[in-house]
Amino acid sequence: MSKGRIQGSVRIVGTGLIGTSIGLALTKLGVRVSLADSSPANVRLASDYGAGAPAGETEQPDLIVVCVPPDVTASVVSRELEHFPNAVVTDVASVKTPILEQLSKANADLSRYVGSHPMAGREKGGAASGRADIFVARPWVIAGHPEATAEALQLVEQLALDLEAVPIRISPLEHDRAVALVSHAPQLVSSLL
């Protein structure tokens, strides 16, 4: 039985730093976590660290967290929405609008999709760098959109709260503008100097 807000099972796709860290934090709360990755070695490593169990063929997750590079996020989210028709799917990519647009063009079920972005990280990547406390007191953007259900938005917010992050609801476009400003401002200032 989970000690957190999330009572169902969670599937994490991508077992790098963020995916492993989410798994570590959720398993600590007693949430049943399954791990999937294109690399079986990454899944084994994250599983050995305690981030969850390797994904099985018969799992029926309530929430799926996609933690893959932004250039493949939309295709992975689309696949997960199709394979798990009862699950809410979120991603942790650093861009939101292009992913939402790609999913819309692919006619994905947007009612069960909510983009999100934890504003946390470390100087090193990979499962070996995962930490259960990486999200504590860090902003976690929840980039809702008009087609997302209230239940889907609430479940993603519960994820952020269970990870002790600070959920912030803004639109995908607002998110992308803010991230662009923050990531490009130092480059602009250094160019002017």
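This is a predicted model: local features need pLDDT of at least 70, side-chain atom pairs count only at pLDDT 80 or more; totals for chains, interfaces and linings use all residues.
An α-helix has 3.6 residues a turn, so residues three or four places apart point the same way. Helix α5 itself covers residues 150–162, 13 residues in total. From first C-alpha to last it reaches 18 Å, close to the 18 Å expected at 1.5 Å a residue. Just after α5, glutamate 164 adopts a positive phi of about 65°.

The sheet is open and built from 8 strands. Their order is β3-β2-β1-β4-β5-β6-β7-β8, with mixed pairing. β3 (53–54) and β8 stand at the edges; each has a single partner strand, so one side of each is left without a neighbour in the sheet. Helix α2 (residues 40–49) packs on the sheet, where it touches β2 (33–36) and β3. The direction of α2 makes about 155° with that of β2. Elsewhere in the sheet, β5 and β6 run parallel and are joined by 3 bridges. Aspartate 91 has glycine 115, in β6, as its bridge partner.

Helix α3 (residues 70–83) contains 14 residues. At 1.5 Å a residue these should span 20 Å, and the end C-alpha atoms are 20 Å apart, which agrees. Thr73, Ala74, Val76, Val77, Ser78, Glu80 and Leu81 are the buried residues of α3. They pack against β1, β4, β5, β6 and α4 (97–105). Alanine 74 lies in α3. Its relative accessibility is 6%, below the 20% cut-off, so alanine 74 counts as buried. Beyond residues up to four places away in sequence, alanine 74 touches Ile99, Gln102 and Leu103. Alanine 74 and alanine 106 are separated by 32 residues in sequence, yet their C-alpha atoms are 9.2 Å apart in space.

Serine 9 lies in the segment before β1 (10–13). With a relative accessible area of 8%, under the 20% cut-off, serine 9 is buried. Residues up to four places away in sequence aside, serine 9 touches Arg32, Gln60, Pro61, Asp62 and Leu63.

Notes
Residues are numbered from 1 along each chain as its sequence is written. Side-chain values use heavy atoms; hydrogens and water are left out. Helices (H or I, at least four residues) and strands (E, at least two) are DSSP runs, numbered from the N terminus. The expected span of a helix is 1.5 Å times one less than its number of residues. Buried means under 20% relative accessible area, exposed over 50%, partly exposed in between (1.4 Å probe, protein chains only). Contact means heavy atoms within 4.5 Å. Two strands pair if DSSP finds at least two bridges between them. Axes are lines fitted to C-alpha atoms, for helices over the stretch in contact, and angles run from 0 to 180 degrees between N-to-C directions.
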